[in-house]
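Here's a quick briefing to read alongside the model. Have the sequence and the 3D view open as you go.

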Amino acid sequence: MSYELAGKRIWVAGHRGMVGGAVARRLAREECEVLTAGREVVDLVDQAAVRRWMAAARPDAIVIAAARVGGIQANDTRPVDFLHDNLMIEANVMRAAHEADVRRLLFLGSSCIYPRLAPQPIAEDALLTGPLEPTNEWYAVAKIAGIKLCQAYRRQHGRDWISAMPTNLYGPGDNYDLESSHVLPALLRKFHDAKISGRREVPVWGSGTPLREFLHCDDLADALVFLLRHYSNYDHINVGSGTEISIRGLAGTIARIVGCEAEPVFDAERPDGTPRKLMDSSRLHALGWDRARTLEAGIRDTYADFLKNQTEPGQERDQSLATLK
Ligand code: GDP
């Protein structure tokens, strides 16, 4: 299968977030027109606004990188935001896309759609085979509904729309707010702050034993453009880096890259979440994509971006409806 990007108008929904920003940057290297619209132009939870915008913009293809996202604590404590807003975004965008006859659409889910204790590495067909991880089931249920909606449009209306499931993501433009962020940006900020202030200890949530797989957002964006071109299937497809690290190991790696000698102190009062979620990305690799950078290189790049933005205040990023878990 080959979808020609040249000459197409491609809407990146959620371009102000980490993932949407990376997809827009990656698509800018193709001969297509990248459409973007901030929340002040079209609020994606507002059905009428989305239909109006879509009818006027009439994109050829859409990447839905917009989502209400957050780390383990935000997910656990704001269930309505994570369930409601994500259901609205995906339902509104897909319905309006169908009405506007949008030919290609790429929906993004998350590795947390899989059962908490799925066999590792997690293959695509593990979906709906067991109970979800309770700390992020609201987000997961919304994302599973999004996959199903995409499949429903394919089945009922013959739409060539696809879904990709990225693993845990990080990179430039991430959310560094310690209450709502994911672990990697949180630890970058904490070790950086400890280095500046000379503190000897850095609090790390949970036991340090959970294993996570990480993928740089620019690698994800490259994979997504590849899938937009070459993937046409009812089934969703995993996008991972194939390597995992414990939270303790991640803390050590980040401390080294930041140049901070503080010790991680594990806080057992905070949840661990799922013990392990390594995805099986062999389906993607078999199609011919395999270019993920190493975690070390990715964190160095991300820390450089963090430092740059530290020295340029006023560059607030709109995170709340845009980055992807
Ligand atoms: P998850 O992959 O959905 O569990 O999302 P997170 O990225 O928020 O958390 C991953 C793991 O890192 C969990 O076991 C957390 O308890 C752990 N962790 C350790 N320190 C932190 C922190 O400062 N912030 C976050 N968000 N997680 C942390």
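Predicted model: local features only at pLDDT ≥ 70, side-chain atom pairs only at ≥ 80, totals over all residues.

Residues are numbered from 1 along each chain as its sequence is written, and side-chain values use heavy atoms, leaving out hydrogens and water.

**Helix H1**
- Nine of the 10 residues of H1 (18–27) are buried, so the rest of the structure largely encloses this helix; buried means under 20% relative accessible area with a 1.4 Å probe, protein chains only.
- Helices (H or I, at least four residues) and strands (E, at least two) are DSSP runs, numbered from the N terminus.
- Among the buried residues of H1 are Met 18, Arg 26 and Leu 27.

**Open sheet**
- Three strands form an open sheet in the order S6-S8-S10, with mixed pairing; strands pair if DSSP finds at least two bridges between them.
- S6 and S10 (244–246) are the edge strands, each pairing on one side only.
- S6 and S8 (211–216) run parallel, joined by three bridges, and Leu 169 has Leu 215 in S8 as its bridge partner.

**Aromatics**
- Six aromatic pairs turn up in a search of the whole structure; rings of Phe, Tyr and Trp (its six-membered ring) pair if their centres lie within 6.5 Å, with planes under 30 degrees apart counting as stacked, over 60 as edge-to-face and the rest as tilted.
- Trp 11 and Trp 53 make a tilted pair, 4.4 Å centre to centre with 45° between the planes.
- Trp 11 is in S1 and Trp 53 in H2 (47–57), so this pair ties together parts 42 residues apart in sequence.

Definitions and conventions: Buried < 20%, exposed > 50% of the residue type's maximum accessible area, 1.4 Å probe, protein only.
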